[in-house]
Amino acid sequence: MNWKTAATAMALTLLASTSVVRADGVLNIYNWGNYTSPDVIKKFEQKYNVKVTITDYDSNDTALAKVRQGGTGFDIAVPSQTFVPIWIKEGLLLETDPGKMENFKNVAPEWANPEFDPGRKYSVPWAWGTIGVVVNTDAYKGPADSWGIIFNTPDELKGKVNVVPEMNDVIFAAIKYLGGQQCTDDKAILKKVRDTLVAAKPNWIAMEYNTIEKMGAGDFKATSDWNGSALRQRLANPAIHYNYPKEGFGLWSDNVVVLKEAKNVENAKLFQNFIMDPENAAGLSAFHRYANAITGSEKYMPADMKDAPEVVIPADAKPRGEFQRMCAPEVQDIYTKIWTELQK
Amino acid sequence: MAKFSIKHQPGFTAIATTCFVVLYMPIVVLVVYAFNAATSTSEWGGFSLKWFQSAWQNTQVIDATLLSFQIGSVAAVLATIAATMAALATTRTAPYRGLTFKYAAINQPLMVPEIVTGVALLIFFSRVKIFTGYSGLGYLIAAHTAFCIPFAYLPIRARLENMDLTLERAAADLYATPWQTFRRVTLPLLWPGILAGLMLAFVISLDDVVITEFVKSGGQDTLPTYMLGQIRRGITPEINAISTAFLLLSVAIVTLFFFVSRKQD
Amino acid sequence: MATAEQVAKEAEQSDVRARWLLSAPALLIILVAATGPLLIVLVYSFLTPGPYGDVKWQFSPEAWVSVFMERDIFDDTLSLAAAHITIFWRSIKLAVVTTIATLALGFPTAYFMATRSEKTRDIWLFLITIPFWTNLLIRTFAVLQIIRNEGIINTLLIKAGIVSAPVQILFTDTAILVGMAYVYLPLMVLPIYASMEKLDFRLVEAGYDLYANRFQVLRRIIFPLVKPGVIAGSILVFIPAIGAYVTPVVLGGGKNMMLSNLIELQFGQGRNWPLGSALSIAVMIIVMVALLAYVRNAGRTEVRHG
């Protein structure tokens with residue numbers, strides 16, 4: 001093969017891979033991966049004749065770091081509730097006042113005025129859920145509604161437990177398990193947290209995110225996880241159960257915000273309003289498998305989600321749920337040290 | 001032994017064969033599972049083309065794959081050209097001032113964990129993006145070219161160092177201009193090194209996750225960053241399907257050009 | 001009037017000038033898109049962490065202190081940063097073993113390729129690269145598929161009656177090593193192949209004529225001749241292996257941190273960018289020193305052989 005043919009091959013590959021896009025308007029969405037329903041996006045594109053691009057991120061920290069540096073070209077992002085106050089405080093968000101938008105009337109009352117964005121000046125609910133314990137009941141039949149599955153693993157599950165390596169979630173759970181308050185700076189409790197984690201680790205097989213597939217295949221028999229992920233696991237294998245730990249569990253929500261540096265502000269606002277429509281909200285849920293905060297979306301929800309125990313929190317568990325907050329930097333610093341100690 | 005072959009080394013062929021088998025095993029698995037009817041990537045649910053169909057309709061994954069190849073080919077070509085020139089400038093010479101500096105500078109992108117270059121580029125390119133208002137593919141291509149250069153440089157340099165100088169001297173003696181000497185003598189001799197460098201650079205660019213994650217702007221997901229975003233919520237066999245399709249396509253292109261170039265010979 | 005000496009000097013100067021021009025594009029791209037921005041990291045390593053990531057523009061040596069020393073979270077005593085040292089050591093060990101494994105596999109493979117007929121060599125070259133046209137994440141997941149408990153290897157072992165229960169390979173150090181060797185193999189094979197491809201087999205023949213055995217020929221003739229390729233390959237494997245990120249996490253289960261996970265933690269969930277920066281520069285210095293020692297040492301033995 002000589003250089004001419006090689007060059008031609010390269011040129012052809014290049015040519016074949018160049019695509020041209022045409023639309024009246026554009027909207028650039030920056031969201032978690034595999035989280036945005038293509039059907040709902042298609043509907044939005046057709047309705048407003050807008051070309052939507054979706055770019056993925058895989059952590060709140062990466063998203064914040066990128067947007068804070070600026071120049072990203074994104075119009076919309078979907079940070080979690082712990083991060084929304086930081087985005088607001090750092091002046092990264094445009095005050096679009098979703099509270100005054102046409103479809104805002106659909107937002108469920110308990111989501112209309114959240115602590116992380118009082119009066120919904122910036123954000124629109126995208127999805128919300130819980131973090132609990134998932135157990136394969138074929139492997140373990142005992143009581144599983146406790147963080148003890150993770151932190152004091154029963155013999156049947158030793159060497160088969162996975163922990164999703166989300167530092168703040170894991171330490172939140174450990175504090176709850178030990179009877180403390182989230183973001184505590186009580187060194188006595190934090191020391192117990194560290195000792196508990198370090199002692200529990202030998203019973204874990206892995207610390208990774210890829211739970212749906214590995215619980216399904218049987219690599220893991222139990223894991224800490226998000227509820228929507230647990231739902232998908234149960235649909236694949238009915239023996240897999242999601243549990244709301246009795247010591248308390250974390251609540252979270254992801255929220256659609258418009259960036260201050262957005263170039264397509266009008267389209268972004270249209271999008272915020274668009275997803276507060278019950279049918280569209282249900283469309284999003286059907287894809288990402290989490291609850292939305294829109295009243296009236298129930299009747300459009302897929303049948304397997306309508307009263308799924310993972311999506312609808314049972315009445316007796318509800319009071320134990322607690323919204324996770326962002327801890328003070330000093331506390332966060334201790335968390336990082338505990339985490340390094342745990343994973344060294 | 002019937003015939004004594006000077007090229008034979010005991011066990012080498014066995015190791016090489018094992019290597020090739022092992023190299024292709026995961027690829028075979030990948031291709032087989034692309035035709036899996038089950039949703040999970042871990043169990044076999046019968047033969048089906050549904051993942052090809054669903055990948056074909058998933059514009060996000062198609063765009064990401066195309067972008068990967070686009071950036072990979074441009075960055076690999078640029079990096080190989082720059083690396084070839086640099087290799088010519090830094091080999092077969094008495095030490096001169098700045099030679100060690102050049103050597104260190106060219107290899108520098110290798111020495112830093114990707115995350116660090118990623119963060120540094122994020123900070124730097126963001127300023128440039130805001131200042132110029134341009135947020136196109138140029139940044140990704142520049143970043144990829146930079147970290148591909150050492151990968152292209154090392155095999156080319158290794159080839160040059162082993163190269164015989166006499167032919168080039170002979171050419172010069174026959175009044176060939178430096179360019180003619182380069183074009184007719186050096187380049188053909190250097191070609192295997194350049195090809196190896198180009199391949200390496202291309203592969204390295206296709207693999208990059210972390211730097212791309214930090215440098216990309218809106219609508220600039222490559223296949224690896226797209227997959228990174230997916231890991232949390234589960235990867236579907238769509239990825240297998242799209243990789244299989246592109247694997248077959250690249251093999252087809254390579255084979256085609258191979259035969260065309262043979263005919264020319 | 002120019003003396004011969006002056007002419008020679010001028011020629012040499014113009015040669016050096018031409019060489020700078022030739023290397024300019026590579027240096028420029030690297031300066032703009034790799035090395036230059038690293039100065040930011042150097043500066044950041046001497047600043048104070050911002051409350052939610054990034055930095056405050058306030059001088060502080062704290063980050064550098066915590067690279068080497070750690071203040072106990074609970075009793076405030078200062079001691080050597082055992083956690084960091086453990087993680088550094090794990091990464092270096094893995095990189096060394098990976099380099100040795102890829103060399104052991106890659107050298108014979110490159111030799112095999114280089115000894116094919118001239119016509120078919122390009123085919124072999126493409127054959128070895130084709131698996132790598134699919135990206136690293138996909139390849140790593142394919143390896144996972146093979147070694148997991150329900151994977152091909154375990155299924156075959158059980159069917160053959162060699163074991164009764166699946167062997168746990170996934171999430172072990174073996175899994176990481178297998179994955180690393182798999183992923184980095186072409187980085188070893190290609191440079192060795194490039195320098196072996198033009199190996200002059202008359203020298204090998206001469207060796208045999210002088211009654212050398214196969215091993216002696218390999219060690220005394222072939223190996224020294226392709227040494228630049230071996231050096232290049234080792235560097236290309238060793239350094240990226242130190243910073244490996246995806247493979248250890250996917251195949252090792254992410255229970256134990258590697259260097260780049262530690263650094264990533266500081267830039268991500270840990271929100272201590274100065275410490276992340278200081279750790280990166282520390283890694284860079286270690287790698288650079290190791291590399292210089294290696295190249296210098298390799299160069300010296302070459303002279304001795306020559």
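**A walk through chains A, B and C**

Hi everyone, let's begin with chain B: from the N terminus on, its elements run α-α-α-α-α-α-α-α-α-α-α. That comes to 11 helices and zero strands, where helices (H or I, at least four residues) and strands (E, at least two) are DSSP runs, numbered from the N terminus.

A quick word on what we are looking at. This is a predicted model, in which local features need pLDDT of at least 70 and side-chain atom pairs count only at pLDDT 80 or more, while totals for chains, interfaces and linings use all residues. Residues are numbered from 1 along each chain as its sequence is written, and chains are lettered from A and ligands numbered from 1 in the order in which they are written.

Back to chain B. Its C-alpha atoms fill a box of roughly 70 × 65 × 35 Å along the principal axes. Of its 265 residues, 53% count as buried, meaning that 20 or more other C-beta atoms, placed from the backbone, lie within 10 Å of the residue's own. Two residues are in contact if their C-beta atoms, placed from the backbone, lie within 7 Å. Among the contacts in chain B between residues at least 6 apart in sequence, 77% join residues at least 24 apart.

Now, who touches chain B? Chain C gives 80 residues to their contact, and chain B gives 81 residues. On the chain C side, the largest share, 17 residues, comes from helix H1 (residues 4-44). That side of chain C divides into 59 nonpolar, 13 polar and eight charged residues. Here Ala, Val, Leu, Ile, Met, Phe, Trp, Tyr, Cys and Pro count as nonpolar, Asp, Glu, Lys and Arg as charged, and the others, Gly among them, as polar.

Let's move on to chain A, which has 14 helices and 10 strands. Its C-alpha trace spans about 65 × 60 × 45 Å along the principal axes. Of its 344 residues, 52% count as buried.

Chain A is divided into domain 1 (23-128 + 252-306) and domain 2 (130-251 + 315-343), with bounds from an automatic or database domain assignment. How far apart are the centres of these two domains of chain A? Taken over C-alpha atoms, 28 Å separate them. Where the domains meet, 10 residues of domain 1 of chain A are in contact with 12 residues of domain 2 of chain A. The domain 1 side of chain A has four nonpolar, three polar and three charged residues there.

Key
A residue is buried if 20 or more other C-beta atoms lie within 10 Å of its own, exposed if 12 or fewer, and partly exposed in between; C-beta atoms are placed from the backbone.
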